[in-house]
Amino acid sequence: MLSYAETAPFRKPIPQVDFDLDDLDADEEKYLDFYRNVGVHEDMLVPMAEHHDGPHSYYVLFDRTATWHPGMPQVLAVYLQRDHEKKTFTFEQKLLPLPAMAQSWLIHRGCPPDAIGLDPELSGPPPADEATRALERRLAGDGDHYAMGYSYTSDDPDDMVVVVALRALDERALSPFRVVVEEVDTETWTHTLREGGFDTVGEALQWCEDRLMGEAGPLPPVRPTATASRLAGPAKSPAPRPAGRSR
């Protein structure tokens with residue numbers, strides 16, 4: 001099954017990602033880690049955004065191999081640091097469910113916020129409205145204020161959706177549990193992003209499960225909720241989805 005980033009024809013050829021690691025090396029463990037997590041899929045990575053600043057490089061990549069694993073995040077953020085004098089490199093990488101979350105991850109590793117904008121021709125359907133654009137900007141800017149507890153990416157052509165459950169790191173935050181949902185309209189070839197607020201992790205995860213089964217009501221608004229005690233427990237995965245729903 002193809003992800004939404006592939007189901008519409010690209011308007012230009014997909015460029016090959018260049019990690020610029022020729023003549024560089026790393027310790028064996030680091031090199032193998034890079035190969036297993038990034039390099040092995042190099043020819044399947046679509047560069048949605050990248051920025052280079054001397055020895056530092058930042059990438060937002062769509063990982064086409066992730067579509068083979070139901071529910072798995074499909075956006076790969078990579079931060080490379082090169083030391084040309086020592087001929088070595090180090091890196092960090094993280095799979096994330098939304099491009100804005102990958103941008104946030106890179107921004108908080110030193111990438112200038114205005115340098116990692118998405119290539120509109122390689123980033124799937126564009127935002128449908130200003131509400132979507134505004135929420136994506138906010139996620140990119142303050143994504144480090146939240147911890148991701150759960151996500152599920154469905155590229156079912158009849159219901160392309162990503163759900164993400166987040167927990168505020170500040171116990172004083174309004175609505176300490178948030179759900180962000182991205183939905184693709186295949187007729188207009190656009191996407192929307194919306195956010196809801198929840199009092200408890202259980203309510204947030206239940207809404208995600210209901211949405212994946214096509215049974216969710218509207219997202220509740222983000223609203224004041226108090227108690228730090230609700231932040232204590234780690235997020236638990238929701239119940240398995242019915243076997244009849246597939247990618």
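Is Asp156 buried or exposed in this model? Asp156 is buried, with a relative accessible area of 15%. Buried means under 20% relative accessible area, exposed over 50%, and partly exposed in between (1.4 Å probe, protein chains only).

The model is predicted: local features need pLDDT of at least 70, side-chain atom pairs count only at pLDDT 80 or more, and totals for chains, interfaces and linings use all residues. Residues are numbered from 1 along each chain as its sequence is written, and side-chain values use heavy atoms, with hydrogens and water left out.

**Asp156 and its contact**

Asp156 sits in strand 5 (residues 146-156). Helices (H or I, at least four residues) and strands (E, at least two) are DSSP runs, numbered from the N terminus. A polar atom of the Asp156 side chain lies 2.9 Å from the backbone nitrogen of Asp158. For a polar contact, two N or O atoms must be within 3.5 Å; within protein, one must be able to donate a hydrogen and the other to accept it, and residues adjacent in sequence count only if both atoms are side-chain atoms.

**Salt bridges**

Side chains of opposite charge can pair when their charged atoms come close. The structure holds 9 salt bridges. Each is a side-chain nitrogen of Lys or Arg within 4 Å of a carboxyl oxygen of Asp or Glu. Three of them are tabulated here.

| Pair | N to O distance |
|---|---|
| Arg133 and Glu130 | 3.1 Å |
| Glu195 and Arg178 | 3.0 Å |
| Glu183 and Arg211 | 2.8 Å |

Take the pair Glu183 and Arg211, joined by a salt bridge. It links distant parts of the chain: Glu183 is in strand 7, Arg211 is in helix 5 (residues 201-212), and they are 28 residues apart. Glu183 is partly exposed at 30% relative accessibility. Arg211, at 11%, is buried.

Glu195 and Arg178 also meet in a salt bridge. Glu195 lies in strand 8 (residues 190-198) and Arg178 in strand 7 (residues 177-185), so this pair ties together parts that are 17 residues apart in sequence. Arg178 is buried at 6% relative accessibility.

Arg133 and Glu130 both belong to helix 4 (residues 130-142). They are 3 residues apart, about one turn of the helix. Arg133 is partly exposed, with a relative accessible area of 35%. Glu130 is partly exposed too, at 41%. A network of salt bridges links Glu130, Arg133 and Arg137.

**Nonpolar core**

In soluble globular proteins, nonpolar side chains tend to be buried together. A nonpolar core is a set of buried Ala, Val, Leu, Ile, Met, Phe, Trp, Tyr and Cys residues joined through side-chain atoms within 4.5 Å. Here the largest one has 30 residues. Val60, Leu98, Leu106, Ile116, Leu139 and Leu166 touch the most other members. Two or more residues come from each of strand 1 (45-53), strand 2 (56-63), strand 3 (75-83), helix 3 (99-107), helix 4 and strand 6 (159-168). Helix 3 gives the most, with 6 residues.

Which residues does Leu98 contact, leaving aside its neighbours within four places in sequence? They are Val75, Leu139, Val162, Val164, Val180, Glu182 and Leu193. Contact means heavy atoms within 4.5 Å.

Ile107 is in helix 3. Ile107 is buried, with a relative accessible area of 18%. Beyond its neighbours within four places in sequence, Ile107 is in contact with Pro113, Ile116 and Ala140.

**Aromatic pairs**

The whole structure has 5 aromatic pairs. Rings of Phe, Tyr and Trp (its six-membered ring) pair if their centres lie within 6.5 Å; planes under 30 degrees apart count as stacked, over 60 as edge-to-face and the rest as tilted. The rings of Phe19 and Phe34 have centres 5.5 Å apart and planes at 85 degrees, so the pair is edge-to-face. Phe19 lies in the loop between helix 1 (4-7) and helix 2 (28-37), and Phe34 in helix 2, so parts 15 residues apart in sequence are tied together. Both Phe19 and Phe34 are buried.

Tyr58 and Tyr79 form a stacked pair: 4.9 Å centre to centre, 5 degrees between the planes. Tyr58 is in strand 2 and Tyr79 in strand 3, so the pair ties together parts that are 21 residues apart in sequence. Tyr58 is buried at 4% relative accessibility, and Tyr79 is buried at 6%.
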